[in-house]
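User: Please walk me through this model, feature by feature. I would like the rule and then the case.

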There are 2 protein chains.
Amino acid sequence: MPRTKARAPREPLSRERIEEAALALIEREGNEGFSMRKLAEDLGCRAMSLYHYFPSLAHLRDALLDRLVSATRLPPASLPWQERLRQVAYGYREAALRHPRFFQFVVVHRMNTAAGLAYLESILGIFRDAGFDAETSARLFRALGYYIAGAALDEAAGYSRGPSAAVPVPDAVAARDYPLITAVNPYFRPAEREQTFAMGLEIMLAGIARIHGETAAAGSWEPASANFVPADTKPAGRRSRSSRSPSR
Amino acid sequence: MPRTKARAPREPLSRERIEEAALALIEREGNEGFSMRKLAEDLGCRAMSLYHYFPSLAHLRDALLDRLVSATRLPPASLPWQERLRQVAYGYREAALRHPRFFQFVVVHRMNTAAGLAYLESILGIFRDAGFDAETSARLFRALGYYIAGAALDEAAGYSRGPSAAVPVPDAVAARDYPLITAVNPYFRPAEREQTFAMGLEIMLAGIARIHGETAAAGSWEPASANFVPADTKPAGRRSRSSRSPSR
DNA sequence: CAGTCAGCCTTACGCTGTAAGGCGTTTCGG
DNA sequence: CCGAAACGCCTTACAGCGTAAGGCTGACTG
């Protein structure tokens, strides 16, 4: 039978299988060590076979991002708004720590897929439900997001990131030249991170609550402008919806 | 004179020149578009010539990080500690916005070179000068850093990041399906960012000031433990100080 | 039975970082 | 003044990368 190659029997590919294997590979080898060829090897196929399911690596990564976002916990709307915000923060943190290495990719990319926008929309809903007007909602949403993203990034990095410096400072030198860093170092250990995260989060929530007390309860959410204004580009220069991502 | 090749006369290479060209190239083409070959072309040499000055791309990037950190503004110690913290935040933000694309690399890497540690040490000094004990300093330093890093990342990304999604949601669909995002979008524009940053920063600073009022003024800074405990690894498994960085 | 399609394959191209080693010029010790 | 070493930059080569182009096989459909 030289005609038909004896194909090794294995589970057929699927977007689901590929995404799971990709996440596993990224957590194993990091974002840099990830490649289509290695992913294919894990799946028992060749790299080009993956292109049948994802048109490019960028598309695959966006699918992973969507998958992570979709799996991120959101609190029930029945809770008080402060508690809802708190749980959003912890939910985001959990998602980051579940995939620490992939999260380093997530945090430098926009969330403008459907799942990402839905996630952001529901968080904005918490601010609206609390009675903040659109402008204050926008700013507090952003500010709280800064804290949460920064914290998640650092924590995820702490569990996954290798040494940055090619020539790191030896510990003995650090202890001599950087006494303050040395002194606070015990509180930088992983076991301390949740408490540190909580401390900063409560500062943010308390500040938000204080502003809530100062502003009128039912702010304006009428569309401030009829046009959808892209956040980061001049209104004219919006990119087309090409299915190819040219920049990666 | 067939013996000596007519070498195009140009300024000789140096670490200084290479670093400047590298930063310029990164800001022009992004971290992904950066390569040793393109950098060499900008400098009028070949890629391998750069290895005479930097043993690897990772070493070059670390040098760039050091350069950015060293150029980051730090406030004079004569100011009140609240103002010092505020200026640290603005200084960090400025540094990020000066090199927005490279900053996306910075934020996912450790700052454990000499310049990085010195920077962190002097910020910790502000907390100590304010009278915080070591533990509170550690946590507030971290929490404030989370906010600042998250904000800087988002702002830098906003100025430099292309569309993340390979298949982004069209604006018309966004306006229909995500009314809250659409409503707050005017406040996400670049012109609004400084004000949003300030709002969140003042929340953090007010929270820190409140904690300052609650804790004893002269906390303990005696070394909590004689050993320098690495922040992110088990005490046993510290990496050697090899001059090669294997993980990138 | 022919046609179409899904699913997976091979081949090839231009790009990457960098290991290994060469060659002309400058600098320096004897 | 001369031989040797060091410096500054080079060429060549290799393994790995994403992916464009197209081929083969088996199943399903008209």
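This is a predicted model: local features need pLDDT of at least 70, side-chain atom pairs count only at pLDDT 80 or more; totals for chains, interfaces and linings use all residues.

User: How many helices and strands does chain A have?

Analyst: Helices (H or I, at least four residues) and strands (E, at least two) are DSSP runs, numbered from the N terminus. Chain A has eleven helices and zero strands.

User: What share of chain A counts as buried?

Analyst: Count other C-beta atoms, placed from the backbone, within 10 Å of the residue's own: 20 or more is buried, 12 or fewer is exposed, and in between is partly exposed. Of the 248 residues of chain A, 39% count as buried.

User: Which residues do H1(A) and H4(A) bring together?

Analyst: Two residues are in contact if their C-beta atoms, placed from the backbone, lie within 7 Å. From H1(A) come Arg15(A), Glu19(A), Ala22(A) and Leu23(A); they meet Leu60(A), Ala63(A), Leu64(A) and Arg67(A) in H4(A). For residue classes, Ala, Val, Leu, Ile, Met, Phe, Trp, Tyr, Cys and Pro count as nonpolar, Asp, Glu, Lys and Arg as charged, and the others, Gly among them, as polar. This contact has five nonpolar, no polar and three charged residues.

User: At what angle do the axes of H1(A) and H4(A) cross?

Analyst: Axes are lines fitted to C-alpha atoms, for helices over the stretch in contact, and angles run from 0 to 180 degrees between N-to-C directions. Under 35 degrees is roughly parallel, over 145 roughly antiparallel, 65 to 115 roughly perpendicular, and the rest oblique. Here the axes come within 10 Å and cross at roughly 85°. H1(A) and H4(A) are therefore roughly perpendicular.

User: Which residues are closest to DNA strand D?

Analyst: A residue is near a strand if its C-beta atom, placed from the backbone, lies within 6 Å of it. DNA strand D is surrounded by 18 residues, the closest being Ser35(A), Leu13(B), Cys45(B), Met48(B) and Ser49(B). Two or more residues each come from H2, H3 and H4 of chain A and from H3 of chain B. H2(A) gives the most, with three. By class, the surface has nine nonpolar, five polar and four charged residues.

User: Which residues have the most contacts inside the largest nonpolar core?

Analyst: A nonpolar core is a set of buried Ala, Val, Leu, Ile, Met, Phe, Trp, Tyr and Cys residues joined through C-beta atoms within 7 Å. The largest has 125 residues, and Tyr147(A) and Val184(B) have the most contacts inside it. Beyond its neighbours within four places in sequence, Val184(B) contacts residues including Leu124(A), Ala138(A) and Phe141(A).

User: Is Arg73(B) buried or exposed?

Analyst: Arg73(B) is exposed, because 11 other C-beta atoms lie within 10 Å. Arg73(B) sits in the loop between H4 and H5 of chain B. Its contacts, leaving aside neighbours within four places in sequence, are Gly91(B) and Glu94(B).

User: And where does Gly131(B) lie?

Analyst: Gly131(B) is in the loop between H7 and H8 of chain B. Gly131(B) counts as partly exposed, because it has 15 C-beta neighbours inside 10 Å.

Methods:
Residues are numbered from 1 along each chain as its sequence is written. Chains are lettered from A and ligands numbered from 1 in the order in which they are written.
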